[in-house]
Amino acid sequence: MAATERLICASGDLVDSGDGVRFEVKTKSGTQPAFVVRFEGQPRAFVNQCAHVPVELDWQEGAFFDADGRYLICATHGATYDPVSGACVFGPCRGAALKKLAVVETDGGVWLVGEND
(Lines give C-alpha, C1' and ligand atoms only; values in the text may rest on other atoms or scores of the structure.)
Protein backbone atom coordinates (compact mmCIF):
# COMPACT_ATOMS: atom_id res chain seq x y z
CA MET A 1 0.00 0.00 0.00
CA ALA A 2 1.11 3.56 -0.65
CA ALA A 3 2.10 5.79 2.24
CA THR A 4 -1.17 7.72 1.94
CA GLU A 5 -3.36 4.64 2.50
CA ARG A 6 -4.54 3.38 5.89
CA LEU A 7 -6.39 0.15 6.65
CA ILE A 8 -9.93 0.74 7.91
CA CYS A 9 -11.20 -2.84 8.17
CA ALA A 10 -11.13 -6.29 6.63
CA SER A 11 -13.28 -6.67 3.51
CA GLY A 12 -15.33 -9.34 5.27
CA ASP A 13 -16.38 -6.86 7.96
CA LEU A 14 -18.75 -5.17 5.49
CA VAL A 15 -21.96 -6.80 4.27
CA ASP A 16 -23.98 -5.17 1.48
CA SER A 17 -26.47 -2.71 3.05
CA GLY A 18 -25.46 -3.95 6.50
CA ASP A 19 -23.77 -2.32 9.45
CA GLY A 20 -20.82 -0.06 8.79
CA VAL A 21 -17.47 0.33 10.47
CA ARG A 22 -16.66 3.55 12.30
CA PHE A 23 -13.18 5.08 12.26
CA GLU A 24 -11.57 8.49 12.59
CA VAL A 25 -10.10 10.57 9.80
CA LYS A 26 -7.35 13.13 10.32
CA THR A 27 -7.97 16.60 8.95
CA LYS A 28 -6.07 19.86 9.09
CA SER A 29 -8.21 20.89 12.07
CA GLY A 30 -7.91 17.61 14.01
CA THR A 31 -9.85 14.37 13.73
CA GLN A 32 -13.43 13.68 12.68
CA PRO A 33 -15.59 10.58 13.03
CA ALA A 34 -16.13 8.68 9.79
CA PHE A 35 -17.66 5.43 8.58
CA VAL A 36 -17.53 2.93 5.76
CA VAL A 37 -20.39 0.75 4.52
CA ARG A 38 -20.82 -1.62 1.60
CA PHE A 39 -23.48 -0.77 -0.98
CA GLU A 40 -23.97 -2.42 -4.37
CA GLY A 41 -20.85 -4.46 -3.69
CA GLN A 42 -18.55 -1.48 -3.19
CA PRO A 43 -17.21 0.15 -0.02
CA ARG A 44 -18.49 3.72 0.45
CA ALA A 45 -17.02 6.03 3.09
CA PHE A 46 -18.11 9.36 4.50
CA VAL A 47 -17.42 11.73 7.36
CA ASN A 48 -19.95 10.81 10.06
CA GLN A 49 -21.67 14.18 10.23
CA CYS A 50 -25.16 15.06 9.07
CA ALA A 51 -25.29 17.87 6.50
CA HIS A 52 -28.26 19.40 8.37
CA VAL A 53 -26.90 19.64 11.92
CA PRO A 54 -23.36 18.52 12.87
CA VAL A 55 -24.35 15.29 14.64
CA GLU A 56 -23.30 11.71 13.90
CA LEU A 57 -25.72 9.71 11.75
CA ASP A 58 -25.85 6.30 13.39
CA TRP A 59 -28.46 5.59 16.05
CA GLN A 60 -26.48 2.56 17.25
CA GLU A 61 -22.81 2.08 16.48
CA GLY A 62 -22.54 1.07 12.82
CA ALA A 63 -26.27 1.38 12.04
CA PHE A 64 -26.38 3.80 9.09
CA PHE A 65 -28.92 2.29 6.67
CA ASP A 66 -32.69 2.66 6.73
CA ALA A 67 -34.82 -0.44 7.33
CA ASP A 68 -34.80 -1.30 3.59
CA GLY A 69 -31.02 -0.97 3.25
CA ARG A 70 -31.43 1.52 0.40
CA TYR A 71 -30.42 4.82 2.01
CA LEU A 72 -28.19 6.16 4.74
CA ILE A 73 -30.26 7.94 7.36
CA CYS A 74 -29.56 10.38 10.17
CA ALA A 75 -31.07 9.07 13.38
CA THR A 76 -31.54 12.58 14.78
CA HIS A 77 -33.65 14.35 12.13
CA GLY A 78 -34.28 11.73 9.45
CA ALA A 79 -32.15 13.26 6.70
CA THR A 80 -31.82 10.58 4.04
CA TYR A 81 -28.71 10.18 1.89
CA ASP A 82 -27.78 8.32 -1.28
CA PRO A 83 -25.15 5.74 -0.24
CA VAL A 84 -23.20 6.16 -3.50
CA SER A 85 -22.87 9.94 -3.75
CA GLY A 86 -23.75 11.03 -0.21
CA ALA A 87 -26.33 13.50 -1.59
CA CYS A 88 -29.28 14.26 0.68
CA VAL A 89 -32.37 12.99 -1.17
CA PHE A 90 -34.97 13.63 1.53
CA GLY A 91 -35.28 15.65 4.71
CA PRO A 92 -34.14 18.96 6.13
CA CYS A 93 -30.85 19.16 4.21
CA ARG A 94 -32.10 18.25 0.72
CA GLY A 95 -29.54 19.44 -1.81
CA ALA A 96 -26.60 19.17 0.60
CA ALA A 97 -24.36 16.11 0.91
CA LEU A 98 -22.21 14.08 3.25
CA LYS A 99 -18.47 14.57 2.82
CA LYS A 100 -17.30 11.57 0.78
CA LEU A 101 -13.97 9.89 1.54
CA ALA A 102 -11.86 7.96 -0.96
CA VAL A 103 -11.46 4.26 -0.21
CA VAL A 104 -10.13 1.27 -2.12
CA GLU A 105 -10.63 -2.41 -1.53
CA THR A 106 -7.58 -4.58 -2.10
CA ASP A 107 -5.57 -7.35 -0.43
CA GLY A 108 -8.59 -8.38 1.67
CA GLY A 109 -9.01 -4.94 3.24
CA VAL A 110 -10.72 -1.60 2.84
CA TRP A 111 -8.23 1.26 2.82
CA LEU A 112 -8.66 5.01 3.32
CA VAL A 113 -6.87 6.96 0.58
CA GLY A 114 -5.52 10.50 0.82
CA GLU A 115 -5.97 11.26 4.51
CA ASN A 116 -5.28 14.89 5.55
CA ASP A 117 -6.67 16.21 2.27
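## An aromatic cluster

F35, F46 and F64 are linked by ring pairs into a cluster. Rings of Phe, Tyr and Trp (its six-membered ring) pair if their centres lie within 6.5 Å; planes under 30 degrees apart count as stacked, over 60 as edge-to-face and the rest as tilted.

This is a predicted model: local features need pLDDT of at least 70, side-chain atom pairs count only at pLDDT 80 or more, and totals for chains, interfaces and linings use all residues. Residues are numbered from 1 along each chain as its sequence is written, and side-chain values use heavy atoms, with hydrogens and water left out.

## The ring pairs

The whole structure holds three aromatic pairs. One of them joins F35 and F46: it is tilted, with 5.8 Å centre to centre and 40° between the planes. F35 sits in strand 3 (residues 30-39) and F46 in strand 4 (residues 42-47), so this pair ties together parts 11 residues apart in sequence. Strands (E, at least two residues) are DSSP runs, numbered from the N terminus.

F35 also pairs with F64. These rings are stacked, 3.8 Å centre to centre, with 10° between the planes. F64 lies in the loop between strand 4 and strand 5 (72-73), 29 residues from F35. Both F35 and F64 are buried (under 20% relative accessible area, 1.4 Å probe, protein chains only). F46 counts as buried because its relative accessibility is 0%.

Three strands form an open antiparallel sheet, in the order 1-10-9. Two strands pair if DSSP finds at least two bridges between them. Strand 1 (5-10) and strand 9 (103-106) are the edges; each has a single partner strand, so one side of each lacks a neighbour in the sheet.

Strand 9 and strand 10 (residues 109-113) are joined by four bridges. V104 has W111 of strand 10 as its bridge partner.

Definitions and conventions:
Buried means under 20% relative accessible area, exposed over 50%, partly exposed in between (1.4 Å probe, protein chains only).
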